[in-house]
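Subject: Structure handover

Hello,

Here is the structure I promised to pass on. Please open it first, then read my notes below.

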Amino acid sequence: MAIYENIKLEKGLYTTGKSFTEALEALDPSENYIGTDLEGLDAYQRQLKRFSIRVSGKSSDRVEKFFKTSDSAALFPEYVSRAVRAGIEENDLLGKIVATTTNIDSLDYRTITCVGSEEEKSLKIVNEGTSIPETQIKTQENLVRLHKRGRMLVASYEAIRFQRLDLFTVTLRQIGAYIAKAQLRDAVDVLMNGDGNNNPITTSTVEQSGTLAYGDLVDLWNSFDPFTLNCIIASPSMTSKLLRLSEMRDANAGLNFHSTGNMVTPFGAELVKSSAVAPDKLIGLDRTCALELVCAGGVSTEFDKLIDRQLERAAITSIAGFAKIYTPASKALSL
């Protein structure tokens, strides 16, 4: 009998300091299944196979299948977490604007910053016998603000026990979508107002108040030196104004948009449309060095309630915050 069929599943696997899947992998490494029919499945997926639980497709099982035994019930919180994570990934725009992600195991975190004047940061010729210019890196004065985002899952077991898991997954993915949108609003807030270390964004205004012109975009692009404007975040209304510019409406661009859905964008910068940005503003940034995402763990579920009380009322949360890396790497344009 294979190892995965003999593992005792219990709530303790959620309290090891690792994710549930990582804890399972330590007991049942996937490398042991290379060259077998189970190759390509992780330790959690092998447990689903062990209990013959189908979580997707038209022949997916009912929710009650998880609660046939105490062992299979321990798999349910991880199923919930995975479905929520899938919803976050499907609606994730952070990957388009975040330079790096830092995972921490506490609620206190200070990011680093590079200090010094522009002259000190320049790479001068170093003559023989002279000192090499220094770049000073230090931690920021204030901690990164972390926010807990999530939803309370409220349902009686009797109400959902006969529901197909495929349908239930849709609801959980929607919770993930809510979390993703809330975190994008947090990211935009940090870009605009700073991360608490006296580093709000620099905002310029259009030449003709209330009207967006191509020249305004040129000025924004030109202000990024030595950084690169490679991403623009704009509200739906500002996106409409931008795409209505005559420079954005040549025939070839229109054909490409209708055939692929890829819009022509200013200077090749990727355009991210989001209502998290104020209607009269757009944010330009160098996404390679503007913003840091700080995560305190992944998607968290109240596993004990999901196992012992069979849903009823359980919180699904994600804790994350944002910090600016290089303040001049993001700028705003206002009508």
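This is a predicted model: local features need pLDDT of at least 70, side-chain atom pairs count only at pLDDT 80 or more; totals for chains, interfaces and linings use all residues.

Is Cys-295 buried or exposed? Cys-295 is buried, with a relative accessible area of 14%. The cut-off for buried is under 20%, so Cys-295 qualifies.

**Overall layout**

The protein chain has 335 residues, and 42% of them are buried. Its secondary structure comes to 11 helices and 12 strands. Along the principal axes, the C-alpha atoms fill a box of roughly 70 × 60 × 40 Å. Take the contacts in the chain with a separation of 6 or more: residues 24 or more positions apart account for 79% of them.

Start with the largest pocket. Its volume is about 660 Å³. It is lined by 22 residues, and the closest to its centre are Lys-18, Ser-19, Gly-297, Gly-298 and Val-299. By class, the lining of the largest pocket has 7 nonpolar, 9 polar and 6 charged residues.

Next comes the second largest pocket, with about 340 Å³ of space. It has 18 lining residues. Closest to its centre are Ile-88, Gln-183, Leu-293, Cys-295 and Ser-318. At least two lining residues each come from H4, helix H7 (165-193), strand S9 (291-296) and S11. This lining divides into 9 nonpolar, 6 polar and 3 charged residues.

**Salt bridges**

Side chains of opposite charge can pair when their charged atoms come close. The structure holds 12 salt bridges.

Glu-64 and Arg-161 form one of them, with the closest N and O atoms 2.9 Å apart. Glu-64 lies in the loop between helix H2 (43-50) and helix H3 (70-73). Arg-161 lies in the loop between helix H6 (157-160) and H7. The pair therefore ties together parts that are 97 residues apart in sequence. Glu-64 is buried at 14% relative accessible area. Arg-161 counts as partly exposed, at 28%.

Lys-96 pairs with Glu-270, and here the closest N and O atoms are 2.8 Å apart. This pair links distant parts of the chain, 174 residues apart. Lys-96 sits in the loop between H4 and strand S1 (100-104), and Glu-270 in strand S7 (residues 270-273). Lys-96 is partly exposed at 29% relative accessibility. Glu-270 is partly exposed too, at 27%.

Asp-186 and Arg-149 also meet in a salt bridge, at 2.6 Å from N to O. Asp-186 is in helix H7 and Arg-149 in strand S4 (residues 146-155), so this bridge links distant parts of the chain, 37 residues apart. Asp-186 is buried, with a relative accessible area of 10%. Arg-149 counts as partly exposed at 28%.

There is also a network. Salt bridges that share partners join Asp-42, Glu-78, Arg-82 and Arg-85.

**Cysteines**

How many disulfides does a search of the whole structure find? It finds 0. A disulfide is a covalent bond between the sulfur atoms of two cysteines. Distance is what rules out the two cysteines below.

The sulfur of Cys-295 is 18 Å from the closest cysteine sulfur, in Cys-231, and that is too far for a bond. For Cys-231, the closest cysteine sulfur is in Cys-289, 12 Å away, again too far for a bond. The cut-off is 2.5 Å. Cys-231 is buried, with a relative accessible area of 0%.

**A surface lysine**

Lys-148 is in strand S4. It is exposed, with a relative accessible area of 58%. Leaving aside neighbours within four places in sequence, Lys-148 is in contact with Thr-317, Ser-318 and Ile-319. Ser-318 is one of the residues closest to the centre of the second largest pocket. Lys-148 and Lys-331 are 183 residues apart along the chain, and their C-alpha atoms are separated by 27 Å.

Best wishes

Notes: Residues are numbered from 1 along each chain as its sequence is written. Side-chain values use heavy atoms; hydrogens and water are left out. On a 1 Å grid over the protein atoms alone, a cavity is a set of points where a 1.4 Å probe fits but cannot get out, and a pocket is an open set with protein on both sides within 12 Å along at least five of seven lines; lining residues have an atom within 4 Å of a point. Grid points are joined across faces, edges and corners, and a volume is the space filled by probe spheres set on the points. Ala, Val, Leu, Ile, Met, Phe, Trp, Tyr, Cys and Pro count as nonpolar, Asp, Glu, Lys and Arg as charged, and the others, Gly among them, as polar. Helices (H or I, at least four residues) and strands (E, at least two) are DSSP runs, numbered from the N terminus. A salt bridge is a side-chain nitrogen of Lys or Arg within 4 Å of a carboxyl oxygen of Asp or Glu. Buried means under 20% relative accessible area, exposed over 50%, partly exposed in between (1.4 Å probe, protein chains only). Contact means heavy atoms within 4.5 Å.
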